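Please look over the sequence and the structure shown below before reading on. The report then goes through a few parts of the model in turn.

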Amino acid sequence: MSTYAGFRPDITPLDAPFWDALRRHELVVQQCASCERLRFVPTELCPHCYSASTRWKRVSGRGRVYTFTVVHRAPTPAYQVDAPYPLAYVELDEGPRVPARLVDVDPGAVEVGMPVEVVYADVADDLTLYRFRPAAR
Ligand code: ZN
């Protein structure tokens, strides 16, 4: 696993709980402790009520493709080996939309509204990423 040369996040105290959860193979999003709305990406303040009071909520990992594109020319050589590959925004069943790589699907078969579910990729000893794959509904 030490040969991983792809994306590495700059983990901060703000988003560390998100990355920690991925290492446990759990997907979490922030939940405002005042208005209880969910959000992604992590932010210091709730974009709805501006509360700084936040907790983390585990979500189902199920959702639908909200929009997508197919990458033919990868941004770095580390990803070119996988091209063409689909990138999407997945709308979670709980509401937030998360950017995601889609796996286990032919890029030409991806459709808006397609049901998907999270899978976890342990790409390095200290890094787990999430992906989404087609799911039965
Ligand atoms: Zn709020």
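## The zinc site

In this predicted model, Cys49 counts as partly exposed because its relative accessibility is 32%, whereas Cys32, at 0% relative accessibility, counts as buried. Both residues are among the protein donors of the zinc ion, which are the SG atoms of Cys32, Cys35, Cys46 and Cys49, lying 2.3 to 2.4 Å from the ion. Cys32 belongs to strand β1 and Cys49 to the loop between β2 and β3, so that the pair, 17 residues apart, links distant parts of the chain.

Along the sequence, the donor residues follow the spacing C-x2-C-x10-C-x2-C. The arrangement around the zinc ion is tetrahedral, because the four donor atoms subtend angles of 102 to 119°.

## The sheet beside the site

Strand β1 is also part of an open sheet of three strands, which are ordered β2-β1-β3 and paired in an antiparallel way. At the edges are β2 (38-39) and β3 (54-58), each of which pairs on one side only. Two bridges join β1 to β2, and Gln31 has Leu38 in β2 as its bridge partner.

## The nonpolar core

The largest nonpolar core holds 28 residues, and those with the most contacts inside it include Leu27, Val90, Tyr130 and Phe132. Among the elements that give two or more residues to this core are α1 (16-23), β1 (28-32) and β8 (127-134), while the largest share, five residues, comes from β7. Because domain 1 (13-58) and domain 2 (60-137) both give residues to this core, it lies between them.

Tyr130 touches, among others, Phe18, Leu22, Leu27, Phe40 and Val118, leaving aside residues up to four places away in sequence.

How values were computed
Residues numbered from 1 in each chain as written. Predicted model: local features only at pLDDT ≥ 70, side-chain atom pairs only at ≥ 80, totals over all residues. Heavy atoms only, no water. Core = buried A, V, L, I, M, F, W, Y, C linked by side-chain atoms within 4.5 Å. Buried < 20%, exposed > 50% of the residue type's maximum accessible area, 1.4 Å probe, protein only. Helix = DSSP H or I, 4+ residues; strand = E, 2+ residues; numbered from the N terminus. Domains from an automatic or database assignment. Contact = heavy atoms within 4.5 Å. Pairing = 2+ DSSP bridges. Donors = N, O, S within 2.8 Å, 3.2 Å for Na, K, Ca; no water. Tetrahedral: all angles 85-135°; square planar, octahedral: opposite > 155°, others 65-115°.
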